Structures are given as structure tokens and as C-alpha cells.
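Let's take a friendly walk through this model together. Keep the viewer open as you read.

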Amino acid sequence: MTDSQALARKWRPKDFTGLVGQEHVVRALVNSMEQNRLHHAYLFTGTRGVGKTTVARILAKALNCEQGITATPCGKCAACLAIDQGSFVDLIELDAASNTQVDAIRELLDNAQYAPVTARYKVYLIDEVHMLSKSAFNAMLKTLEEPPEHVKFILATTDPQKIPVTVLSRCLQFNLKQIPPSLIEMRLSEILSMERIVADAAALKLLAKAAKGSLRDALSLLDQAIALGNATVDETNTRAMLGVLDQDHLFALLEALAEQDGIAMLAIADQLEAASVSFDSALQDLAALLHRLATVQIVPQMLDEEQPEGDRLLALIKRFTPEDIQLFYQIALHGRTDLGQAPDEYSGFTMTLMRMLAFMPHSQPSSHPVHAGTNANITRKIKSGLPADSRRQEKSIESDSPNDAWLALVNQLELSGMTRMLAQYSEAKHFSASRIELCVTEMHKHLLEKSYQDKLKFQLESHFGEPVEVVFSLGSITGVTPAVLQDRDKLAKQSRAVEAIESDPYVQELVEQFDAKLNISSIKPIN
């Protein structure tokens, strides 16, 4: 081997002890070797870069080592060296992605009847076996069921669901897991130490995370980072190479959100665009930070005091309620889903930020507790504290209906985040001083989290000054909910604003004399 080899090839494990993160597979194979309980067909499944082909080649060495069948092949005999170099005549490798047709499999199986040239077993390694055609699988079945004593099949695939059940049932199946970032980071550190290359711990964390469970991908990225840093691996270059968002930007976004400063949030988005940061990754990292906030908020012991951003985490936790963080987390997740449908990634990302800003709780005037015995009395007393515009809205609703009282009450409750949404999308089926029955549609069933229900119940009891039984259900509603009325009010105000502009004499003169056209979308009502 020369130093010019790619790291993924140079440091490919040569025995079972060198495998990372696949202890369950290693234990099973080692035990079978030590007990001499061999199977005629092995199937290794898992995502790319987790070690399927590597395990297969180590298994081929374990079966054919000149010291005998062993879980610890010597790595020095002719058979082991030839397998490592890819020149072992009795290890026949087939890439099913390039040889999908039945003819290739038939030729391979025709040769299976002949004894191995020098080895103990003739080993057939078929990679990406799920790519074989139906007829090719059918041709394999008979040989898989009753193979010659000197033949072992090793199959590897990233998609076992595409393999016929008849083939799966004839194989000993092992599922290789994605490798945790901590193990990838540890392995990268070991390799760099042996390569005598200096690296930042933060840079290795970034590489391990970017590899998404694949050690091979991590080593390829490490090769790139070494080249970029001129034989050193530092955080700045690695972050730029991966297009990863700096944590400072994430904290700045949430701090601007806490201040309800949309201009600052858009300025940060512009900086990210200028730095060519992936907005999908930015939303993913933002969701991860929100998860950390929620975790530390509920379980303070989870805060690592040695982390440099610990103070900023604590400061943000004090500025957001648990509901706010849960809401922002959901918005970030949905934002990632919506990116592909947005006009462009920048607009999709900024719209997600604006959505967070739109759902930020605003201060609402508190109201005195209301005690009443009938729906009509409750409705009157609640409505007396509403602004005139809100009272006008209610004239179209039957005055004594349960929902009438509910509509009048919602704006007086001090609600925020998801609890506010639950109240706004609920319709009252029964309303009295001691019991309120609320119904939401199937579309909004995600709002019926117990924590949101408990928060709403607490606010109702605080408002009335006495215990209230609050019952929630899923079902059909008339559609008159606080959210619907709010939308109607917005549309009415927008309509009045457009009408006022259109009827303005100066605007009419411009239209008549200069054939001007009114940009309706630019008109916004004044609250």
C-alpha cells in the first residue's frame, strides 16, 4: 500500500476486531466460526458505507485462511493476502447492479459445480443483489437451496425488501446498523493519529455528523478536508467545505425571534445565502438546537456546563415557554418539508422564519374572573369586555349558543403557542360554568396533545376562578371557530381598505388620466 491511497481503502478493516459499530454481527459470526456452525448463504443488509462488503471479505478470509476456519484470520498467508489485494481466484465478486440479467448468474452457477482451485471454499460475493432480475433470482434458487459442499454464497444489499422471500428464506441474514457519530468521530481521530495529521475535535464532530452513519463517507470527507487544509483539519475550513451553519447564527436567529425582530432574522438569512449555506441543513440544525432547548428546559441536568454556549442556552430558555419551543420545532420540521415546493430555498427558509414570528405570543389584556350560571349570562358578561369590533362580529351568531359564549371568551384568555391554536380551532358543543365540551376536526387532531389540553384547562379555571371540567373530542363542526372569525375579520378589513383606496378621488384621477392600475396585493389595512 502507498500513502496515495484513499483513506477509505487504506484503513479498511482486515479482521473482525477492526469493524466499527457492528458488534452484534461480529459476535454472531465469531461464535459460528468458533463452533464450526457454518451456513451456505449469508445476506448482509444496511445503508451505504456501513461495512457490508468489508464484512463479506473478512468472512471469506475466515473461511479460507491456511491456518484453518477461524474467527481470527492470520492476514499473512497466501489466501489472506490475495483476498486483501482482490486477486484471490476462488473469491468471485459480482456487481449485480452491472450484471442484472440471467445469463451472468447462469454462467456463475455453472462454474459453481467445479471445486475451488486452491481454497477450502469457493466464495461467491454478489453485491447489490436486489438489482438482479426476477429470472436471475429464479436461476439462483436451486443452487441456494442445495449448494455444493465447497461453495459459500455471500450476498449484500442496501434494499432487502426487493429480494424475493424465496431467496431470503435460504440465507442467514445480518442487518448492519448505521454507525453512531461518536464512534465515527473516535475512528477518525485514531486514523489521523496514525497518519500524524493535526485535527480540531470540533472539525471531527462536523465530519462525523455529515457522514450520516457511513464510515466510508466520513473517510472520503476527511480526505477532502485534509486536502483543503493542506494536511491539517480545522473547524473553519471544514465548516466551509460542508456548508454547515455556524452555531452563532442559530443562536442569533432565536435571539432575534425572542425580540420579535424580523429585520434581524432576514439579515441573518441573507448572510447564510451569501455563505452558500444549505437552507435544508440550516433548518435541520435549527430544529436540533430547539430540541436541545426543550430538553434542557424540562431536564436541567442535561445541560453540559463545559459547553461554551451554555450561557446562551440558559438565556434563551428563560425567554421562551415550553409551548413556544415545541411550536417552533414543529414549524422548522414542516419548513424542511416545504422547501422543495417553495419558489426557491431562500424564500422557503425565510417564510419558515416568518411563520415562527407570526406565531410568537403577543401580550393580551388580562380580564377579571367571570362567574355565571347560564349560557346567555356568560355570553353577555364575556362580551362586555370585548372591543366594539369583536362585539359586532358576534351579532351574526345565535346569542345563547354554546359556541357563542366560547367565541367571546377565547380572546380574553392569556394563551400562546400551541395552546392558543387549540383554542382557536375548537368549537364548543356545550358551555356552562362547570363544564365545557370542545370539538376539533380530524385535520387538527395534532393539537389534542395532553399538555396543550392541560394548559387550556388551567387558563379556563384561572379565568372563572373555580374548577371547570373541560372535555375534548374529534368530530365534525359547523366551522365557526375563533380562527375562522379571525380570518373573516382580516378579510373584511382588507376589503374595506381596498374599497377606501379605490374610492379615493386622487387614485381615481390617476387611473383615468394615466391608465394606472392598482396593485391590490400591496394594500394593507391599518389596525
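The notes below go from the whole chain to one helix, a surface patch and some aromatic rings.

## Before you start

This is a predicted model, in which local features need pLDDT of at least 70 and side-chain atom pairs count only at pLDDT 80 or more, while totals for chains, interfaces and linings use all residues. Residues are numbered from 1 along each chain as its sequence is written, and side-chain values use heavy atoms, leaving out hydrogens and water.

## The whole chain

The protein chain has 24 helices and ten strands; these are DSSP runs numbered from the N terminus (helices H or I, at least four residues; strands E, at least two). Of its 527 residues, 44% count as buried, where buried means under 20% relative accessible area, exposed over 50% and partly exposed in between (1.4 Å probe, protein chains only).

Take the contacts (heavy atoms within 4.5 Å) between residues at least 6 apart in sequence: 74% of them join residues at least 24 apart. The accessible surface comes to about 27700 Å², and carbon and sulfur atoms hold 52% of that. Such areas come from the Shrake-Rupley method with a 1.4 Å probe, and for residues only the protein chains shown count as cover.

## Helix α12

Look next at residues 247-258, the twelve residues of helix α12. From first C-alpha to last, α12 reaches 17 Å, close to the 16 Å expected; the expected span is 1.5 Å times one less than the number of residues.

Which residues of α12 are buried? They are Leu-250, Phe-251, Leu-253, Leu-254, Ala-256, Leu-257 and Ala-258. These buried residues pack against α13 (262-274), α14 (279-298), α15 (310-319), α16 (322-338) and α17 (345-358). Just after α12, you will find Gln-260 with a positive phi of about 55°.

Met-302 sits in the loop between α14 and α15. Its relative accessible area is 55%, so Met-302 counts as exposed.

## Aromatic rings

The whole structure holds seven aromatic pairs. Phe-320 and Phe-328 have ring centres 5.5 Å apart and planes at 80°, so this pair is edge-to-face. Rings of Phe, Tyr and Trp (its six-membered ring) pair if their centres lie within 6.5 Å; planes under 30 degrees apart are stacked, over 60 edge-to-face and the rest tilted.

Phe-320 is buried at 3% relative accessibility, and Phe-328 is buried at 0%. Elsewhere to look, Tyr-42, Phe-44 and Phe-174 form one aromatic cluster.
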